[in-house]
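Have the sequence and the model open as you read.

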Amino acid sequence: MSPETHVLLRAAVLALDGAMPSAVYGISDVFTAAEALWHDIGDGKLAQIDVVTANDRPVLGLGGIALSPTQSVQQLQQTVDIVFVPPVFGDIVLRVQDRSVIDTLQGFISAGVQICTVCAGAFFAAETGLFDGRRATTHWNLVRLFRERYPLVDLDPTAMIVDGGTYLCAGGVTAYLDVCLHILSTRVGPEFSARCARMLLVDGERQTQSPYMDCEDSTGHGDAVVAKAQDYIRTRLAEPLDIATIAEASRVGTRTLERRFQRTLGLTPKQYLMKKRLDAAKVLLCATTQDIGHVARTVGYDDTASFHRLFKKNVELTPGEYRKRFGRL
């Protein structure tokens, strides 16, 4: 490409150890595919997407796949409009302690480059303080850890995309597709973005992570009382449970159980029971052809209308919509 060629968007993907290769290269793929449609409406080149690493050397992505830089990070810090931080797997607390990565990201921030994080990539931007006092999102399964490490961030765990102006956050692993379409919508226009979504067979209307969220159910937290209560709840979802019954089965007082649940899981026992019932309902909706009323009764709700409202409020889809979207039968 000649220096005179006009490029609408210049971006870089910051490849990291443990990064998902399909996201690192998938970001480039989205814009490359969109290039075919761009030629119908625009001049020059739609996007130039490079891969960079903190030290200009290859890193090992998920599965041991080598991710090699295409340009030096120092050069691109002064020329790109946006830098993507892709999904990363493994021990994220250990990953963010790599100061070369954080310093590199801080260099982009200082140069006025828009930061776009995907999934666990939000941890690296949060480590720089970029999100302090501001709204952000990350994968729903990382919410508790994120809040523990970055209490100054206004975390929205249900949002699929948060546009903070100088930064963008995308929630889930494949949400790089959503955020690329969002960028195309803001930089080119919503009609163009919609055309790209149709061409790529991507649902361009995902606004929330709520339909994908499951209740955190780890019992390795070290609190034997809470673990016992979790087990009691999980095996009696269809029964008319209340906090007093659960506390009695766990051999503690109701206030003690409430306090220990909140400290350990970030939920009250009542919230945990509701989330486990809804999770069980999701499984039945996807894996069986049982009518909605039967599903509701199976997970402890005798009033089908009440179950319907509760499901819609928490999942942001009706039971029927959820079955239609995620069912496999």
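## Basis

Contact means heavy atoms within 4.5 Å. Helices are DSSP runs (H or I, at least four residues), numbered from the N terminus.

This is a predicted model, in which local features need pLDDT of at least 70, side-chain atom pairs count only at pLDDT 80 or more, and totals for chains, interfaces and linings use all residues. Residues are numbered from 1 along each chain as its sequence is written, and side-chain values use heavy atoms, with hydrogens and water left out.

## Helices 10 and 11

Ile243, Ala244, Ile246, Ala247 and Ser250 of helix 10 touch Thr254, Leu257 and Glu258 of helix 11. By class, that contact has five nonpolar, two polar and one charged residue. (Ala, Val, Leu, Ile, Met, Phe, Trp, Tyr, Cys and Pro count as nonpolar; Asp, Glu, Lys and Arg as charged; the others, Gly among them, as polar.)

Axes are lines fitted to C-alpha atoms, for helices over the stretch in contact, and angles run from 0 to 180 degrees between N-to-C directions. (Angles under 35 degrees count as roughly parallel, over 145 as roughly antiparallel, 65 to 115 as roughly perpendicular and the rest as oblique.)

## Helices 12 and 15

The axes of helix 12 and helix 15 (residues 319–326) come within 8 Å and cross at roughly 55 degrees. The two helices are therefore oblique to each other. Lys282, Leu284, Leu285 and Cys286 in helix 12 meet Pro319, Tyr322, Arg323 and Phe326 in helix 15. This contact has six nonpolar, no polar and two charged residues.

## The largest pocket

A pocket, on a 1 Å grid over the protein atoms alone, is an open set of points where a 1.4 Å probe fits, with protein on both sides within 12 Å along at least five of seven lines; lining residues have an atom within 4 Å of a point. The largest pocket is lined by 26 residues. Nearest its centre lie Trp140, Met213, Asp214, Leu267 and Lys275. Helix 6 (143–149), helix 12 (269–287) and helix 14 (304–315) each give two or more residues to the lining.

Which classes make up the lining of the largest pocket? It has 11 nonpolar, five polar and 10 charged residues.
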